[in-house]
2 protein chains.
Amino acid sequence: MTIQAYLPFWTKLTAAQQQTLEGAMRQKTVDAGALLHSGGDDCTGLLLVTEGQLRVYTISEEGREITLYRLLEGDMCLFSAACMLNSIQFDVFVRAERPSAVVHIPPEVYKSLMQASLAVANYTNELMASRFSDVMWLLDQILNKKIDERLAALLLEEAGLADNSALHLTHDQLARHLGTAREVVTRMLKYFQSEGLVSLERGVILLRAPARLQEIAAHSLR
Amino acid sequence: MTIQAYLPFWTKLTAAQQQTLEGAMRQKTVDAGALLHSGGDDCTGLLLVTEGQLRVYTISEEGREITLYRLLEGDMCLFSAACMLNSIQFDVFVRAERPSAVVHIPPEVYKSLMQASLAVANYTNELMASRFSDVMWLLDQILNKKIDERLAALLLEEAGLADNSALHLTHDQLARHLGTAREVVTRMLKYFQSEGLVSLERGVILLRAPARLQEIAAHSLR
C-alpha cells in the first residue's frame with residue numbers, strides 16, 4: 001500500500017500541494033518502546049502509522065498515566081501536532097508499543113495544507129471527531145464501569161491486539177493503561193486467578209476463560 | 001451585537017453563502033431548565049448562545065449525569081449537530097441553566113457551508129479542539145482530583161457564574177455536575193459546613209470562606 005492510499009484527501013490536492021507534501025514526508029521505523037512525542041514542549045508533527053501500534057496517553061502532575069487510545073496501521077496521530085490548532089490546550093504522549101513504521105508530516109506543512117484545502121480541513125474535522133469519540137468512550141468507562149470490568153475488557157483488547165492469549169504485560173503497564181495504581185491491578189488479577197479466569201506466571205498473564213472475561217467486561221453494557 | 005459578529009468566518013463567506021445562512025438562522029429564547037438537545041436521537045443543529053448559559057452533559061446508561069462544559073454568550077454548540085460529522089459517536093444533552101437566547105443553525109445548512117468554505121471548516125476545527133480541551137481537563141480532574149477538591153472548585157465556579165455567594169442549587173444538581181452520587185455531595189457539604197466553609201440553609205448554599213475553598217480546590221494544582 002502506498003502512503004498516498006492512507007490519505008483520503010490525496011486525490012483532491014493540486015499537483016503542487018501533492019509535491020509539497022511528498023517532499024516533506026519522512027518515513028521512519030522505531031523500536032517497541034520508543035517515545036515518539038512527549039507532551040506540549042515539542043510540536044512533533046503528524047504521524048501516520050503504516051505498520052505497528054502506537055499508544056497515545058496523558059500523564060497527570062502526579063505522574064499517573066492513562067491510555068487515551070491506540071493507533072494502528074492507517075491511523076493518523078493529530079495531537080502530536082497540537083501547535084497547529086490554537087485551541088488545543090492539552091498534552092499527549094505517544095509511544096510505540098511494537099516495532100512500528102510511521103510517516104512524519106511537519107506541522108507547518110500540514111497547517112498550510114489545512115488552510116488551503118477544503119478536503120484536508122474536513123479530513124481533520126473527521127479525525128478530531130473520531131478521537132473525541134474515543135475519549136468520550138473512555139470518560140464513560142471511567143465514570144460508569146468498575147475496575148474489574150475495565151481490567152477484563154483491557155485484557156481481552158490486549159489479547160486481540162497481540163493475537164495471543166498469553167500477554168507479556170506487567171501489572172504496572174496495565175495500571176498505566178487504566179489510570180489506576182499497580183496495587184489495584186495486582187489485587188484484581190489475583191482475584192481473577194482465584195476464579196480461574198487467568199493464570200499469572202513469570203512476566204506472563206495467560207487468559208484461561210476469555211468468554212467469562214467477556215461477560216465481566218460486558219456487565220455494565222447490558 | 002449583531003449575530004454576524006459572533007461568527008468569525010462571516011466576512012469570509014460569499015454573498016450567496018451569507019444570504020443562505022441568514023435565511024436559515026432562527027433566534028429563540030428559552031426558559032431556565034429548557035432541554036435544547038437530547039442525545040443521539042435528534043440532530044438539532046448548531047446553537048449559538050447570544051444570552052444566558054447552557055449546560056452540556058452526558059448521561060450514562062444508569063442515568064448518571066456529568067457536566068462536560070458550559071456555554072456562555074458567544075459560544076457555539078457543535079455537538080447538538082453530531083449528524084454533521086460521521087465520526088461523532090457519542091451523545092450529549094444540552095439544557096439552559098438560565099433564561100437564554102440562542103440562534104439555531106440547521107445541520108444541513110452548516111454542513112454544506114463547511115464543505116464549501118475553508119473558513120467554516122477551519123472554524124469548526126478550532127471549535128472542536130476547544131471542546132476537546134475542555135473534556136481533557138475534565139478527564140484529568142476526574143482521574144487526579146479528590147471529590148472535596150472538585151466540589152470546592154465547582155462551588156466557586158457556580159458563585160462566579162451567578163455573581164453571588166448564595167447558591168440556589170440542590171445537592172442533586174451538584175452531584176450531576178460532578179458525575180457522582182447525591183449522598184457523596186451531601187456528606188462533603190456537611191463536612192464543609194462543620195469546617196465553617198459554607199452554611200447550608202433551605203435550598204441555599206452560602207459560601208462563607210471562599211479563600212479557604214480556593215485553597216482546597218487548588219490543592220492538587222500545587
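Reader: Where is the place of Arg131(A)?
Author: In this predicted model, Arg131(A) lies in helix 3 of chain A, which covers residues 118-144.

Reader: Is Arg131(A) buried or exposed?
Author: Arg131(A) counts as buried, because its relative accessibility is 7% and the cut-off for buried is under 20%.

Reader: Which residues is Arg131(A) in contact with?
Author: Setting aside neighbours within four places in sequence, Arg131(A) is in contact with Tyr69(A), Leu71(A), Asp75(A), Met76(A) and Phe79(A), and also with Phe132(B) of chain B.

Reader: Chain B has come up, then. What rotation superposes chain A on chain B?
Author: A rotation of 180°, with a shift of 0.1 Å along its axis, places chain A on chain B with an RMSD of 0.1 Å. The two copies are therefore related as by a two-fold rotation axis.

Reader: And through what surface do the copies meet?
Author: They meet through the same surface, because 100% of the interface residues of chain A are also interface residues in chain B.

Reader: Changing topic: how many residues does the largest nonpolar core have?
Author: The largest nonpolar core has 108 residues, and Leu21(A) and Leu21(B) are those with the most contacts inside it. Helix 3 of chain B, residues 118-144, gives the most to this core, contributing 14 residues. As a general point, nonpolar side chains in soluble globular proteins tend to be buried together.

Reader: What does Leu21(B) touch?
Author: Not counting residues up to four places away in sequence, Leu21(B) touches Leu7(B), Phe9(B), Trp10(B), Leu13(B), Ile105(B), Val109(B) and Leu113(B).

Reader: Now the helices. At roughly what angle do the axes of helix 4 and helix 6 of chain A cross?
Author: The axes of helix 4 (residues 147-162) and helix 6 (residues 182-194) of chain A cross at roughly 80° and come within 11 Å. These two helices of chain A are therefore roughly perpendicular to each other.

Reader: Which residues make the contact?
Author: Helix 4 of chain A supplies Ile147(A), Asp148(A), Leu151(A), Ala152(A) and Leu155(A), while helix 6 of chain A supplies Val184(A), Val185(A), Met188(A), Leu189(A) and Phe192(A). By class, this contact has 9 nonpolar residues, 1 charged residue and no polar ones.

Reader: How does Val184(A) count by relative accessibility?
Author: Val184(A), which belongs to helix 6 of chain A, counts as partly exposed because its relative accessibility is 22%.

Reader: What separates the C-alpha atoms of Val184(A) and Asp172(A)?
Author: A distance of 9.9 Å separates the C-alpha atoms of Val184(A) and Asp172(A), and the two residues are 12 residues apart along the chain.

Terms used:
Residues numbered from 1 in each chain as written. Chains lettered and ligands numbered in written order. Predicted model: local features only at pLDDT ≥ 70, side-chain atom pairs only at ≥ 80, totals over all residues. Heavy atoms only, no water. Axes fitted to C-alpha atoms, helices over the stretch in contact; angles between N-to-C directions. Helix = DSSP H or I, 4+ residues; strand = E, 2+ residues; numbered from the N terminus. Parallel < 35°, antiparallel > 145°, perpendicular 65-115°, else oblique. Contact = heavy atoms within 4.5 Å. Nonpolar A, V, L, I, M, F, W, Y, C, P; charged D, E, K, R; others polar. Buried < 20%, exposed > 50% of the residue type's maximum accessible area, 1.4 Å probe, protein only. Core = buried A, V, L, I, M, F, W, Y, C linked by side-chain atoms within 4.5 Å. Least-squares fit on C-alpha atoms with pLDDT ≥ 70 in both.
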